[in-house]
Amino acid sequence: LTVAAYDAAGNTSAQSNAFTFTTSVASGGSCGTTWYVDSSVSSSGNGCSWGTAWKNVTNIVGVKAGDSVYISGGSSGSSQTYNVPGNWALTSGSSASSRITYQIGQDSAHNGTAIFNNTGSGDWISGVNNVTVSGNTGDGQKHFKLTNYGGVFEGTNIVNDRLMYIDFGNVGLDNWRVMDIRGGNGIEIDH
């Protein structure tokens, strides 16, 4: 690349020596509206494709209202585990019509079961609005599964959230709660 400068009159300065530069998209950069998480990748990428997926749901950054985040469960009939130290810090959408969707992968290489394993304390999801969290691949099965959580969902004035096709396992047993919502509306739990 050679660079030249121009003044207001359009006169050209001497050109520079040739040089090379490289660009890259940082983690959380602009990848459009679709993002990917896959615990089987060797290291966390920028989330822009299955090949450059984030390694864990805790690596998700830069998503915004209207985006979709696909989470791999491994190939059909298998499972992949995501260790989450306590609450999964989801990003909220901006309104009921502009949610963020967190969904199991839809192709056969990624539509197994994603297991969310609590390695800390707390509920699975806390204080998030305008999201859809879905383990639905269209086969009627629950492709998201929770292990070692005391509760599923917690928050104050929570609005417009959908939790669908999730195996809550033994969450809520032993005098723990499944949900603790204080105020809010538009909460949907399906299948």
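Leaving aside neighbours within four places in sequence, which residues is Asn-56 in contact with? They are Val-37, Tyr-82, Asn-83 and Val-84. The model described here is predicted.

**Asn-56**

Asn-56 is found in the loop between β1 (34–37) and β2 (68–71). Because its relative accessible area is 15%, under the 20% limit, Asn-56 counts as buried. The C-alpha atom of Asn-56 is separated by 7.5 Å from that of Ser-44, which is 12 residues apart from it along the chain.

**Arg-99**

Another loop, between β3 (79–84) and β4 (100–104), holds Arg-99. Arg-99 is buried and has no salt bridge. Asp-161, the nearest side chain of opposite charge, is 5.2 Å away. Apart from neighbours within four places in sequence, the residues in contact with Arg-99 include Ala-65, Gly-93, Asn-130, Asn-160 and Asp-161.

**Strand β8**

Strand β8 covers residues 144–147. In a regular strand, side chains alternate between the two faces of the sheet. In β8, Phe-144 and Leu-146 make up the covered face, while Lys-145 and Thr-147 make up the uncovered one.

β8 pairs in the parallel sense with strand β5 (residues 113–118) over four bridges, and with strand β10 (residues 166–167), also in the parallel sense, over two bridges. Lys-145 takes part in both pairings: Ile-115 stands opposite Lys-145, and Asp-167 is the bridge partner of Lys-145 in β10.

Conventions: Residues are numbered from 1 along each chain as its sequence is written. This is a predicted model: local features need pLDDT of at least 70, side-chain atom pairs count only at pLDDT 80 or more; totals for chains, interfaces and linings use all residues. Side-chain values use heavy atoms; hydrogens and water are left out. Buried means under 20% relative accessible area, exposed over 50%, partly exposed in between (1.4 Å probe, protein chains only). Lys and Arg count as positive and Asp and Glu as negative; His and the chain ends are not counted. A salt bridge is a side-chain nitrogen of Lys or Arg within 4 Å of a carboxyl oxygen of Asp or Glu. Contact means heavy atoms within 4.5 Å. Two strands pair if DSSP finds at least two bridges between them.
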